[in-house]
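This report describes a protein structure in terms of its domains, one of its strands and its salt bridges. The sequence and the coordinates are shown first, and the description follows.

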Amino acid sequence: MAQIDTLPPLREVIATHGLNAKKSLGQNFLLDLNLTSRIARSAGNLEDCTVLEIGPGPGGLTRALLAAGAKKVVAIEKDTRCLPALAEISDHYPGRLEVIEGDALDIDPVAVTGGDKVRIAANLPYNVGTQLLINWITIPQWPPFWLSLTLMFQKEVGERIAAQPGSKAYGRLGVLAGWRCKGGILFDISPKAFTPPPKVTSAVVHLTPNASPLPCDLKALERVTAAAFGQRRKMLRASLKSLSPDAETLICEAGLKPTARAEEIDIAGFVALANAFNSVHPD
Ligand code: SAM
C-alpha cells in the first residue's frame, strides 16, 4: 500500500526512537499498512466518535485510525519510550490524538473519553488483552459506553471469544461474550506480519453490544460458568455441587438435564441456571 500519511515509515520511527520490542510488554508491532488500514476500516464509522486505542506503541494502528477519519483517538500506552513517536503523530493531526501514559488496566475508559460515543480498537498486548475485554463486557451499565470493540488477540483467544456450544473452545469467555455481545472473528493475521513475529497466529475480533441481553445477574453467571467449566468433563450435577447442595434440583428448574456437560449448554441455558442459583443463593 502507498503511504497513508506523510509521517516517516514505521520502521524508521522504531529505529529513530530506539523502540526495540520488549516481550514483557507484549510488543509485537504491526507495520503492514494494508493490515492496519483494514483493522481501522473494520472498526466502523469513526468520524463521529472517539476511538479508544490501547497500546499504540510506535503508532501504526493509531495512524491508520486517524487516516481513516477518526474524529479523535485517545491512546493509552504504558511504555514511555513510545511517547516521543506518538507526539509526532499528535503534531501531524492537531487536536485529534491524545496520548495517555499509563497502564490501561488502571485507567477509567469512560473518564478519559469524556462521555463521547466510543469505539475501541487495539492490537492488544497479549498479557492483558483478555482481562481488558472482560472489564469492557462486564461493566454494570448496559448498553455500555462503547459502540464496538475491534481487537486483535492470539487466534486461540479469539476462538474462545467466538466459540459456540459443543466446540472445544467454548467456555466462560464464550458465554460471557455471547450473552452480552454479537460478532466474532473477522480475519486472521499471520505471525510474519509483525515485528518481531510472535509464535502464534493472531485474529481480529469485532464485537458490538447486544442491546437487550437475557436478564441475568452477572455475578451468578460468572459463578455458575466457573464451576461448570472448571470441571468441564463432569456432568453438571457433579460440577455444580460445590455451589449448592441442591444443585440437581436447580439444574432441573433451569430446564436442563443434570447429566449434561458444560460444553453442551447454550447461553440461554447458562442464564437460566444462573437465575435459578441466584434465586436461592443471592450474593
Ligand atoms: N499498536 C501497536 C501495533 O499495532 O503495532 C503496538 C501493539 S503491541 C502488540 C502492544 C502495545 O501495548 C505495546 O506498545 C505495549 O507497550 C503496550 N502495552 C502493554 N501493556 C500495556 C498496558 N497494561 N497498558 C497500556 N499499554 C500497554
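The structure is a predicted model. According to the domain assignment, domain 1 covers residues 10-209 and domain 2 covers residues 218-280. Their centres, taken over C-alpha atoms, are separated by 33 Å. To the contact, domain 1 contributes 13 residues and domain 2 contributes 14 residues. On the side of domain 1, the residues that lose the most area to domain 2 are Tyr170, Arg172 and Trp179, which together account for 47% of what that side buries.

The next part concerns strand 2. This strand spans residues 50-54, and five of its five residues are buried, so strand 2 is largely enclosed by the rest of the structure. In a regular strand, side chains alternate between the two faces of the sheet. In strand 2, Thr50, Leu52 and Ile54 point one way, Val51 and Glu53 point the other way, and all are buried.

Strand 2 is paired with two other strands. Five bridges join strand 2 to strand 3, and the two run parallel; in this pairing, Val74 of strand 3 is the bridge partner of Leu52. Strand 2 is also joined to strand 5 by three bridges, again with a parallel course, and here Leu52 stands opposite Ile120.

How many salt bridges does a search of the whole structure find? The search finds 10.

| Salt bridge | Closest N and O atoms |
|---|---|
| Arg63 and Asp5 | 2.9 Å |
| Asp116 and Lys71 | 2.8 Å |
| Lys78 and Asp103 | 3.6 Å |

Arg63 forms its salt bridge with Asp5. Because Arg63 lies in helix 3 (residues 60-67) and Asp5 in the segment before helix 1 (10-16), this pair ties together parts that are 58 residues apart in sequence. Both partners are enclosed: Arg63 counts as buried at 6% relative accessibility, and Asp5 counts as buried at 8%.

The salt bridge of Asp116 with Lys71 links distant parts of the chain, 45 residues apart: Asp116 is in the loop between helix 5 (109-112) and strand 5 (118-123), while Lys71 is in the loop between helix 3 and strand 3 (72-77). With a relative accessibility of 23%, Asp116 counts as partly exposed. Lys71 is partly exposed too, its relative accessible area being 39%.

Lys78 and Asp103 form a further salt bridge. Lys78 belongs to the loop between strand 3 and helix 4 (83-92), and Asp103 to the loop between strand 4 (97-101) and helix 5, so placed that the pair links distant parts of the chain, 25 residues apart. Lys78 is partly exposed at 48% relative accessibility, and Asp103 is partly exposed at 23%.

Elsewhere, salt bridges link Lys155, Glu159 and Asp188 in a network.

Notes
Residues are numbered from 1 along each chain as its sequence is written. This is a predicted model: local features need pLDDT of at least 70, side-chain atom pairs count only at pLDDT 80 or more; totals for chains, interfaces and linings use all residues. Side-chain values use heavy atoms; hydrogens and water are left out. A salt bridge is a side-chain nitrogen of Lys or Arg within 4 Å of a carboxyl oxygen of Asp or Glu. Helices (H or I, at least four residues) and strands (E, at least two) are DSSP runs, numbered from the N terminus. Buried means under 20% relative accessible area, exposed over 50%, partly exposed in between (1.4 Å probe, protein chains only). Two strands pair if DSSP finds at least two bridges between them. Domain bounds come from an automatic or database domain assignment. Contact means heavy atoms within 4.5 Å. Buried area is the accessible area (1.4 Å probe) that two parts lose on being put together, summed over both.
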